[in-house]
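Open the model in your viewer and keep the selection tool to hand. This tour says what to select at each stop and what is there.

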Amino acid sequence: MKDFDHLMSVWQAQPKQDQLSVDEVLKQVKKGIRSITSQLYWGVVAMIAMLALTFFILFFFVFQSWLTYVGIIIMLVTMLLYAILIIRNYRILNKRDATINPTEYLQNLKEYQKKRAKIVGWFYYLYVLLISLGLSLYFVEVLKGATIYYKIAVYGLTIIWIFFLTFYYKKRIFKNEEEKLNLIIEKLERLQGQFE
């Protein structure tokens, strides 16, 4: 009997989880989603600017080698696909409202997170590979008359920039987004648990 009393006292001494305010959680969810969609929005703006610049170079500059045109087209198509992907993600997050049906919203966020994780993994590396290939083909003609030191500097800086984007920037940005999504999902799950 003493063991039972001791067990009851330990159980009653456990801290109770704070009840979440529905309005406060929904405000935090909207703020977190707004932060993610803002990043995606500026990613779309930057990608459209890069597409416009690449399009301008393709149609208003004359090159001698067909390899240069192939490189520019590879970059243009790759950036277009990435822009479409970012716009799709932006629309998925921006068009849904957590206040209408939080359970469905939670399921959509979980599905979005799984799809995003898969796509971010393989597509980002494919994107970097194709952009690198396109730049290499583009630089063959553009740097044809340059000195060897200038070529080494341009290729070296380009390689450093690509490594920076691939191994540092990608992890930082996508990890930040994943943490925000995890926090939002966790809050919505706790809120859902209160009503069950």
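Rings of Phe, Tyr and Trp count as a pair if their centres lie within 6.5 Å. Keep that cut-off in mind for the opening stop. The model is predicted.

**Stop 1: the aromatic cluster**

Select Phe56, Phe60, Phe61, Phe63, Tyr69, Tyr138, Phe139 and Tyr155. Show their side chains. Ring pairs link these residues into a cluster. Across the whole structure, a search finds 18 aromatic pairs.

Now zoom in on one pair, Phe56 and Phe60. The ring centres of Phe56 and Phe60 are 5.0 Å apart and the planes meet at 35°, so the pair is tilted. Planes under 30 degrees apart would count as stacked, and over 60 as edge-to-face. Both residues sit in helix α2. They are 4 residues apart, about one turn of the helix.

Phe56 is partly exposed, with a relative accessible area of 42%. Phe60 counts as exposed, because its relative accessibility is 59% and the cut-off for exposed is over 50%.

**Stop 2: the largest pocket**

Select Met47, Met50, Tyr82, Tyr127 and Leu165 and centre the view on them. Of the 35 residues that line the largest pocket, these lie nearest its centre. The pocket has a volume of about 1,000 Å³.

Which helices build the lining? Colour α2 (22–60), α3 (66–95), α4 (102–142) and α5 (148–194) separately. Each supplies at least two lining residues. The largest share, 11 residues, comes from α5.

Next, colour the lining by residue class. It divides into 26 nonpolar, 6 polar and 3 charged residues.

**Stop 3: the second largest pocket**

Stay with α4 and α5. Each of these helices supplies at least two residues to the lining of the second largest pocket. Here too α5 gives the largest share, with 7 residues. This pocket holds about 230 Å³ of space.

Select the lining: Gln113, Arg116, Ala117, Val120, Gly121, Lys170, Lys171, Phe174, Lys175, Glu177, Glu178 and Leu181. Keep the colouring by class. How many of these residues are charged? The lining of the second largest pocket has 6 charged residues, along with 4 nonpolar and 2 polar.

Definitions and conventions:
Residues are numbered from 1 along each chain as its sequence is written. This is a predicted model: local features need pLDDT of at least 70, side-chain atom pairs count only at pLDDT 80 or more; totals for chains, interfaces and linings use all residues. Side-chain values use heavy atoms; hydrogens and water are left out. On a 1 Å grid over the protein atoms alone, a cavity is a set of points where a 1.4 Å probe fits but cannot get out, and a pocket is an open set with protein on both sides within 12 Å along at least five of seven lines; lining residues have an atom within 4 Å of a point. Grid points are joined across faces, edges and corners, and a volume is the space filled by probe spheres set on the points. Ala, Val, Leu, Ile, Met, Phe, Trp, Tyr, Cys and Pro count as nonpolar, Asp, Glu, Lys and Arg as charged, and the others, Gly among them, as polar. Rings of Phe, Tyr and Trp (its six-membered ring) pair if their centres lie within 6.5 Å; planes under 30 degrees apart count as stacked, over 60 as edge-to-face and the rest as tilted. Buried means under 20% relative accessible area, exposed over 50%, partly exposed in between (1.4 Å probe, protein chains only).
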